[in-house]
Amino acid sequence: MRYLTAGESHGPQLTTILEGVPAGLELTAEQINYELARRQKGYGRGRRMQIEKDQVLITSGVRHGVTLGAPIALVVENNDFKHWRKIMGADPISPEEQEDVKRKITRPRPGHADLNGAIKYGHRDMRNVLERSSARETTVRVAAGAVAKTILAELGIKVGGHVLEIGGVKAQKTQYNTMDELQKVTEESPVRCLDPEAAEKMMQAIDDAKKAGDSIGGIVEVIVEGMPIGVGSYVQYDRKLEAKLGAAIMSINAFKGVEIGIGFESAHLPGSQVHDEIQWDEVNGYTRRTNNAGGFEGGMTTGMPIVVRGVMKPIPTLYKPLESVDIDTKEPFKASIERSDSCAVPAASVVAEAVVAWELAQAILEQFGHDRMDAIKENIQRHNEYAKDF
Ligand SMILES: Cc1cc2nc3c(=O)[nH]c(=O)nc-3n(C[C@H](O)[C@H](O)[C@H](O)COP(=O)(O)O)c2cc1C
Ligand SMILES: C=C(O[C@@H]1CC(C(=O)O)=C[C@@H](OP(=O)(O)O)[C@H]1O)C(=O)O
């Protein structure tokens, strides 16, 4: 299974084509729209989210609500496009408008793709960079992830996520009993946090940052329950599933770090306190007393919940100007901007769920077949029985 995305932030639409989705999966626009709406919520976002109401159009690969095994094309329109038609070159520009509409962006923002992208592709107008480097693209990655989640759900695998930290405010309560509870509590929290007291403080931190013209980042966690044992492989570096998850998280705009299980903490602990003891019983087969490894050993799943965390840096576009250099005049300047998110960590946690779901669904299909959902389901059931009594 693979996918590509296309589309500019202020262009007409975003598109993704998913190839290799098995036949026989029930898939509706509502399921995808549900995930798109989750990504749009979240405290700290800018004015753009009031303009957009992301809705998917499934233009191929699905008939009567069931996948055909053919490529699935998904399209999400940008409502904001109507305000950008001239700037994006979709409408003619009158001579009087030329100067205004064609004014180039020559002032790169520290922390964004502007300068490196302009040098790489030779764009003297950095709009040509920012249109594509914008995290608007994560809309269709979430749409692709929604399809992956639907495949996983059909196989009894659940994906959830939550926010652990925003702007230095840490969630104290991070435990939950079931994935359904995790889902319910985070849906009700404006910052997708399990700890209501911390959530209040996080929102205050976002307000404070916004007032100061600043931005803040944070940490998100994705959990996956129900993965069979032994998905991925240790035999070749590029087949290690853990590494693929790491790359997927790092591919999200503004993500600067990734951790699996207790991750960085294991640097400070002896092996006896890190490795998860193995046990066996007739009902559950092989399980672990703890899950410090976050569901992975040797690049393969252990059958325990997968726990992946990602670090998001603060948003680069700041109302409080940082120093940079105009690429035309080479003069230093302090940037001024029109609109931006001040914190997008809650939204990014939904993106993180989506990219993790995609990698896991991809790995499942690689191992258990990818033509028909019913055959894949049977293969996994057989594998789970085999692994239990192994
Ligand atoms: C959901 C989401 C929303 C974002 N919103 C903004 C924004 O409003 N302004 C901004 O400058 N960056 C925003 N970013 C971050 C930039 O897209 C990102 O920093 C930029 O593409 C440079 O890439 P890098 O940070 O991965 O190096 C957002 C990221 C995500 C995941
Ligand atoms: C549009 C989205 O996020 C955008 C991501 C983004 C960036 O630079 O990454 C910059 C902002 O774009 P604009 O300048 O048009 O407001 C965000 O709104 C979205 O998440 O759907």
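**View 1. Helix α11 at ligand 1.** Helix α11 (residues 345–368) is the largest contributor to the shell around ligand 1, giving three residues. Helices are DSSP runs of H or I with at least four residues, strands are E runs of at least two, and both are numbered from the N terminus. The model is predicted: local features need pLDDT of at least 70, side-chain atom pairs count only at pLDDT 80 or more, and totals for chains, interfaces and linings use all residues. Residues are numbered from 1 along each chain as its sequence is written, while chains are lettered from A and ligands numbered from 1 in the order in which they are written.

**View 2. The shell of ligand 1.** Ligand 1 has 20 residues around it. The closest are A135, N253, T317, D341 and A344. A residue is near a molecule if its C-beta atom, placed from the backbone, lies within 6 Å of it. By class, the shell has ten nonpolar, nine polar and one charged residues. Nonpolar means Ala, Val, Leu, Ile, Met, Phe, Trp, Tyr, Cys and Pro; charged means Asp, Glu, Lys and Arg; the others, Gly among them, are polar.

**View 3. The shell of ligand 2.** Residues around ligand 2 include S9, G46, R48, E52 and S134. A135, N253 and D341 also belong to the shell of ligand 2. Its classes are one nonpolar, six polar and five charged residues.

**View 4. R339, in a loop.** R339 sits in the loop between β17 (332–334) and α11. R339 is among the residues surrounding ligand 2. It is exposed, with 10 other C-beta atoms within 10 Å. The cut-offs are 20 or more such atoms for buried, 12 or fewer for exposed, and in between for partly exposed, with C-beta atoms placed from the backbone. Not counting residues up to four places away in sequence, R339 touches G46, R47 and R48. Contact means C-beta atoms, placed from the backbone, within 7 Å.

**View 5. S133, in helix α6.** S133 belongs to helix α6 (residues 127–133). S133 is partly exposed: 17 other C-beta atoms lie within 10 Å. Its contacts, leaving aside neighbours within four places in sequence, are H112, A113 and G117.

**View 6. Positions annotated in UniProt.** An unreviewed UniProt entry gives the feature "binding site" at positions including S133, N253, T317 and R339. The annotated positions are spread over 208 residues of sequence and also in space, up to 44.9 Å between C-alpha atoms. UniProt positions follow the numbering used here, feature names are shortened, and annotations may be inferred rather than shown by experiment.

Conventions
Two residues are in contact if their C-beta atoms, placed from the backbone, lie within 7 Å.
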